[in-house]
Amino acid sequence: MDMLDPKTLVSAASALGAGLAIGLGAIGSGIGIGVAASKFIESIARQPESEGKTRTWFLVAYALCETQTIFAMLIAFLLLAKVG
Amino acid sequence: MEQPEFYILDKLHLPPLPGLSAHNSLIVEYTWIVMAIIAITIIIVIKNWKTVPGGLQNVIESVTLFIENYLIDMIGPKGLTYFPLVVTVMLFVLLGSYLGLIPGMMSPTGFIGTTAAMAIVVFLYYQYLGISKRGLKYFKHFLGPIPAMAPFMLPMELISEFARPISLSVRLFANIFGGEMIIKVLFGMSAIGLPVVWLFWDSVITIPIQGLIFSLLTMVYLAGALASDEGH
């Protein structure tokens with residue numbers, strides 16, 4: 001019954017939560033950036049002159065998808081501070 | 001009270017990560033260093049102005065021409081009025097984040113206070129622009145296209161409006177601070193070789209994209225507040 005004292009429990013739960021946070025967060029951005037990149041490459045293959053203008057908006061879409069995973073990474077860091 | 005400037009941040013009881021508390025850290029001094037670097041760079045470029053630009057002038061011109069083209073595209077010929085704000089934001093994000101990659105220094109943008117300050121300035125400024133252009137009718141766009149849908153649209157619109165400064169500041173802070181944390185972990189694992197991978201990724205991909213995003217979103221929000229035709 002020594003394992004259930006509050007400090008250990010909070011440490012264990014924080015470590016588990018940090019792992020889950022970044023792991024599940026990475027799924028979403030993987031799918032989102034993959035979709036955006038595939039459309040971008042398709043549009044370049046179709047019309048190579050549009051590369052300069054489309055590239056800016058592709059990078060905007062990349063950063064907006066990545067933001068959600070970065071929020072999850074921030075939560076993981078906040079939880080890791082409570083471990084140990 | 002001691003250190004009254006941290007009163008609000010202390011009340012929030014945030015975890016003791018270095019990016020969330022400015023006690024015993026030199027954020028303000030690093031911000032002065034970034035300000036000095038920006039000012040000296042621009043003065044050098046202007047003093048040695050060439051018609052066929054060389055190295056440093058080329059770099060600064062790539063930033064300023066990019067911002068000018070987008071301002072004129074999105075806002076029209078009067079867009080250049082807002083050029084100082086956008087170029088300051090972009091240069092501060094870029095140079096402030098690159099400073100952290102130099103050993104022994106930390107980025108001012110890796111602290112939630114700096115990025116929140118920039119996001120709040122942009123937020124208040126474009127609200128002010130919308131109100132000064134259209135009066136209090138500027139807030140009618142929260143009510144949605146049909147007056148009958150107003151009770152449903154208003155909470156959603158308010159939340160997404162306030163999500164703008166929050167996401168703007170947390171996006172930049174988490175990218176830069178998370179990058180510094182990962183560099184710290186990689187240096188702990190192996191002193192030579194491995195951290196170069198993350199330093200490369202950060203400096204070539206993350207920081208330019210974050211600078212682009214912050215300034216592009218600033219321009220989009222400014223253009224949205226200044227839109228004179230009722231399209232919503």
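pLDDT is the predictor's confidence in each residue, on a scale from 0 to 100. With that in hand, let's work through this predicted model.

**Exercise 1. Find out how confident the predictor is in chain B, and where that confidence is lowest and highest.**

Step 1: Start with the whole chain. Chain B has an average pLDDT of 88, and 97% of the residues score at least 70.
Step 2: Now go element by element. Helix H1 (residues 7-11) of chain B has the lowest confidence in the chain, with a mean of 76, while H4(B) has the highest, at 94.
Step 3: Finish with the scores for the model: ipTM is 0.87 and pTM is 0.89.

**Exercise 2. Decide whether Leu65(B) is buried or exposed.**

Step 1: Locate the residue. Leu65(B) sits in helix H3 (residues 55-75) of chain B.
Step 2: Count its neighbours. There are 10 other C-beta atoms within 10 Å of Leu65(B).
Step 3: Apply the cut-off. A residue with 12 or fewer counts as exposed, so Leu65(B) is exposed.

**Exercise 3. Explore the largest nonpolar core and name the element that gives the most to it.**

Step 1: Meet the members. This core has 45 residues, and those touching the most other members are Val86(B), Val89(B), Met90(B), Val93(B), Leu94(B) and Phe214(B).
Step 2: See who contributes. Elements giving two or more residues include helix H1 (6-46) and helix H2 (51-80) of chain A, and helix H4 (83-98) and helix H7 (194-226) of chain B.
Step 3: Pick the top contributor. H4(B) gives the most, with ten residues.
Step 4: Zoom in on one member. Leaving aside residues up to four places away in sequence, Met90(B) touches Val63(B), Ile67(B), Gly211(B), Phe214(B) and Ser215(B).

Note on methods. Residues are numbered from 1 along each chain as its sequence is written. Chains are lettered from A and ligands numbered from 1 in the order in which they are written. This is a predicted model: local features need pLDDT of at least 70, side-chain atom pairs count only at pLDDT 80 or more; totals for chains, interfaces and linings use all residues. Helices (H or I, at least four residues) and strands (E, at least two) are DSSP runs, numbered from the N terminus. A residue is buried if 20 or more other C-beta atoms lie within 10 Å of its own, exposed if 12 or fewer, and partly exposed in between; C-beta atoms are placed from the backbone. A nonpolar core is a set of buried Ala, Val, Leu, Ile, Met, Phe, Trp, Tyr and Cys residues joined through C-beta atoms within 7 Å. Two residues are in contact if their C-beta atoms, placed from the backbone, lie within 7 Å.
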